[in-house]
Amino acid sequence: MLLGLMVLATWYSLQDAKRMGFYESEVIAEMVFLPVYGILVASHVFKGQRVTLFELTLFNGPGGVFVGRLVSAIAGLLVGILSVAITVYVQGHPLLMVSVLLKLPTYLAIMMVLMVWMDSLGAIISFYILTSAVPMALFVILTKPYPPGTAVSLLAYFLSPIGATVETGKLPIPVLDGYTVTISLSTVMILLSYLGFKMKDFNSQ
């Protein structure tokens with residue numbers, strides 16, 4: 001149901017984009033539906049600090065458990081993010097489609113970091129803040145008439161790539177550079193999370 005509503009909302013908001021701008025689409029996709037969809041996926045990944053003996057045995061240790069959860073998160077996120085990206089592309093906005101696809105590496109990076117260092121409830125709350133509340137704040141900053149600084153621009157490309165793409169003319173960092181930094185940072189975060197997860201002490205149950 002959420003997936004259907006998300007696609008329909010994106011479709012109809014983009015139909016008015018030429019007349020009203022992309023602001024409605026940004027809010028619907030980046031601050032409402034995609035974060036909620038991400039939380040639904042994350043709820044299957046955030047299992048607290050305890051790992052069951054079954055998981056450790058099945059996946060041959062913490063490294064295997066991490067990879068298993070990463071693959072599970074990729075499979076879950078891909079359905080929703082790809083659906084929105086295809087909708088954006090069909091509506092004739094290929095560059096915006098790329099920014100939607102960037103949600104996959106950034107959501108994965110955030111999920112994996114939070115999974116390693118926080119319990120399930122704290123991780124879900126933090127995930128929502130980083131994927132919804134922070135993009136709302138960036139939306140306000142990016143729509144101001146004056147250009148944001150380099151640090152804010154990089155943060156926007158990482159946490160709010162749709163908004164950064166829409167407002168790219170105001171940013172001191174080109175789209176390609178912003179996308180490259182986002183993918184690179186996400187990759188590093190996932191790798192560090194993997195190493196951190198392997199070194200943790202777990203209580204089997």
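Helix α6 (residues 94-101) has four buried residues, L96, M97, S99 and V100. They cover an arc of only 160° around the axis, so they sit on the same side of α6. The model is a predicted one, in which local features need pLDDT of at least 70 and side-chain atom pairs count only at pLDDT 80 or more, while totals for chains, interfaces and linings use all residues. Residues are numbered from 1 along each chain as its sequence is written, and side-chain values use heavy atoms, with hydrogens and water left out.

- Buried means under 20% relative accessible area, exposed means over 50%, and partly exposed is in between (1.4 Å probe, protein chains only).
- Helices are DSSP runs (H or I, at least four residues), numbered from the N terminus.
- The arc is that of the directions from the helix axis to the C-beta atoms.
- An α-helix has 3.6 residues a turn, so residues three or four places apart point the same way.
- The buried residues of α6 pack against α1, α5, α7, α10 (161-166) and α11.
- Contact means heavy atoms within 4.5 Å.
- Q91 lies in the loop between α5 and α6, and Q91 is buried because its relative accessible area is 19%.
- Apart from neighbours within four places in sequence, Q91 is in contact with W11, L14 and Q15.

**Aromatic pairs**

- A pair of aromatic rings is described by the distance of the centres and the angle of the planes.
- Rings of Phe, Tyr and Trp (its six-membered ring) pair if their centres lie within 6.5 Å; planes under 30 degrees apart count as stacked, over 60 as edge-to-face and the rest as tilted.
- A search of the whole structure finds four aromatic pairs.
- One of them joins F66 and Y194 edge-to-face, at 5.5 Å centre to centre and with 70° between the planes.
- F66 is in helix α5 (residues 62-90) and Y194 is in helix α11 (residues 175-199), so this pair ties together parts that are 128 residues apart in sequence.
- F66 has a relative accessible area of 1% and is therefore buried, whereas Y194, at 26%, counts as partly exposed.
- Y107 and F127 also form an edge-to-face pair, with 5.3 Å from centre to centre and 75° between the planes.
- Y107 belongs to helix α7 (residues 103-117) and F127 to helix α8 (residues 120-142), so the pair ties together parts 20 residues apart in sequence.
- Both Y107 and F127 are buried.
- Ring pairs also link F66, Y194 and F197 into a cluster.

**Salt bridges**

- Side chains of opposite charge can pair when their charged atoms come close.
- A salt bridge is a side-chain nitrogen of Lys or Arg within 4 Å of a carboxyl oxygen of Asp or Glu.
- The structure holds two salt bridges.
- E30 forms a salt bridge with K103, and their closest N and O atoms are 3.0 Å apart.
- This pair links distant parts of the chain, since E30 is in helix α3 (residues 23-42) and K103 is in helix α7, 73 residues apart.
- E30 counts as buried because its relative accessibility is 0%, and K103 counts as buried because its relative accessibility is 1%.
- E167 forms a salt bridge with K170, the closest N and O atoms being 3.4 Å apart.
- E167 is buried at 7% relative accessibility, whereas K170 is partly exposed at 26%.

**Nonpolar surface patch**

- Helices α1 (2-15) and α5 each supply at least two residues of the patch.
- The largest share, six residues, comes from α5.
- V90 lies in helix α5, and V90 is exposed because its relative accessible area is 54%.

**L3 in helix α1**

- L3 is part of helix α1 and counts as partly exposed at 30% relative accessibility.
- Leaving aside neighbours within four places in sequence, L3 is in contact with V79, G80 and S83.
- L3 and L192 are 189 residues apart along the chain, and their C-alpha atoms are separated by 31 Å.
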